[in-house]
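Hi there,

Here is the structure I promised to pass on. Please have a look at it first, and my notes follow below.

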Amino acid sequence: MTTQSERNNTRPLIGIDVGGTKIEAVLVTGDGTIEHAVRIPTRRGAAHVVEDVCAIARDVAGGRPRDVAAVGIGIPGQVDPGTGRIANLVNLDIETLELGRLVADELGIPVHVENDVNAAAVGAAHLLTGTDGTADASDGTVALLNFGTGLASGIIIDGVIRHGASGAAGEIGHIPIDPNRFDCPCGQRGCLETVCSGPGVARLWPAGGHDAMTDLIIHAAQGEPDACRALGIVRHAIGDVIQIIAQTLDPRLIILTGGMTRTGEPLLRVIREELETRESVCPFLAGLRFADRLRLAPANEPIGALGAALAVYARSR
Ligand SMILES: [Zn+2]
């Protein structure tokens, strides 16, 4: 990530977030301000994804994509940011795809492809800058926890996305430590993702409808034993997730996002209670004040698309 003054001298960027149900694009100025946003439904299959990404890029740039400096794309699955190649995107029926190269050839401008959770981390960190007294998103360590269809984290250290040796840095969803030992599709048992993700909560609280987390918190607050038990499982797993991230990286901000966090403030209260319980028996933990570092990602902001655009800079240092 470049400094604010460096960015002011750059041309606009296009950021595109390819999700399971929608593709969202933004036109972003050099200082990270969103000028224009467009959204279309996602179509499955490699050819459709390339076609739709190019079409939405042209659309959001007012038909003049060559006036922008670069396109950043955030997409789930295994992403090689060096080559723009993606793999194993099961939800979109894609085994492998040279997404970056194909879109760059078609539009005639540089393209950077990033994992969607990493992109969301960059976008959310940009929007939350200043909420903890910092002046710049490139300052220190920021972690984003995505409680969505799966559970994963994005890690930014001094403005640079940390991918690790094989791109698996932050893949915390498949750490198998949940004591309930539910089977995970990955082959292990007790992965944090089995209880600490949208589908995980829906399985524990099937009566909860499309927003199981909110419904679960409401019923637990009314003292229903089944709800209290299910919430206890989720709460404990979230506590573990936060401790793993916080004690390994010691980030200044821990940003929470994903469908499971739509509940907002009531979920944050549940998490704070869990952390307080843990801190009450451990002065070491209490001294680290993890609860003070928690933030909900800004709701209704296209953090994935914004972050995909800004990630063009975030990988360049
Ligand atoms: Zn697993």
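Let me start with N88, which is partly exposed because its relative accessible area is 48%, a value between the 20% limit for buried and the 50% limit for exposed. Please bear in mind throughout that this is a predicted model. N88 sits in strand β6, residues 85-89, and its phi is near 55 degrees, positive although the residue is not glycine. D93 is another non-glycine residue with a positive phi, in this case near 60 degrees. You will find D93 in the loop that links β6 to β7 (94-97). As background, most residues other than glycine have a negative phi.

Now to the sheet. Five strands make up an open sheet with mixed pairing, and their order is β3-β2-β1-β4-β8. β3 (34-41) and β8 (111-115) are the edge strands, each pairing on one side only. On average, and with direction ignored, neighbouring strands of this sheet are turned by 15 degrees against each other. Strand β2 (residues 22-28) runs antiparallel to β3, and 7 bridges join the two.

Helix α4 (residues 116-128) lies across β1 (13-18), β4 and β8, and its angle to β8 is about 100 degrees.

α4 also packs against α10, with the two axes 6 Å apart and an angle of about 95 degrees between them. The two helices are therefore roughly perpendicular to each other, since that term covers angles from 65 to 115 degrees. On the α4 side, the contact is made by A119, A120, V122, G123, A124, H126 and L127. On the α10 side, the residues involved are I303, G304, L306, G307, A308, L310, A311 and A314.

Which residues does A311 touch once its neighbours within four places in sequence are left aside? They are H112, E114, V122 and I161. A311 belongs to helix α10 (residues 303-314) and counts as buried because its relative accessibility is 0%. The C-alpha atom of A311 is 8.9 Å from that of G74, although the two residues are 237 places apart along the chain.

Further along there is helix α8 (residues 265-280), whose length makes a handy check. Its 16 residues should span 22 Å at 1.5 Å a residue, and the end C-alpha atoms are 22 Å apart, so the two values agree. The buried residues of α8 are L267, L268, V270, I271, E274, L275, R278 and E279. They pack against α6 (212-221), α7 (225-249), β12 (253-257), α9 (283-288) and β13 (294-296).

Last, the cysteines. The structure holds 0 disulfides. C228 counts as partly exposed because its relative accessible area is 38%. C186 is also partly exposed, so classed because its relative accessibility is 40%.

Best wishes

Technical notes:
Residues are numbered from 1 along each chain as its sequence is written. This is a predicted model: local features need pLDDT of at least 70, side-chain atom pairs count only at pLDDT 80 or more; totals for chains, interfaces and linings use all residues. Side-chain values use heavy atoms; hydrogens and water are left out. Two strands pair if DSSP finds at least two bridges between them. Helices (H or I, at least four residues) and strands (E, at least two) are DSSP runs, numbered from the N terminus. Axes are lines fitted to C-alpha atoms, for helices over the stretch in contact, and angles run from 0 to 180 degrees between N-to-C directions. Contact means heavy atoms within 4.5 Å. The expected span of a helix is 1.5 Å times one less than its number of residues. Buried means under 20% relative accessible area, exposed over 50%, partly exposed in between (1.4 Å probe, protein chains only). A disulfide is a pair of cysteine sulfur atoms within 2.5 Å. Angles under 35 degrees count as roughly parallel, over 145 as roughly antiparallel, 65 to 115 as roughly perpendicular and the rest as oblique.
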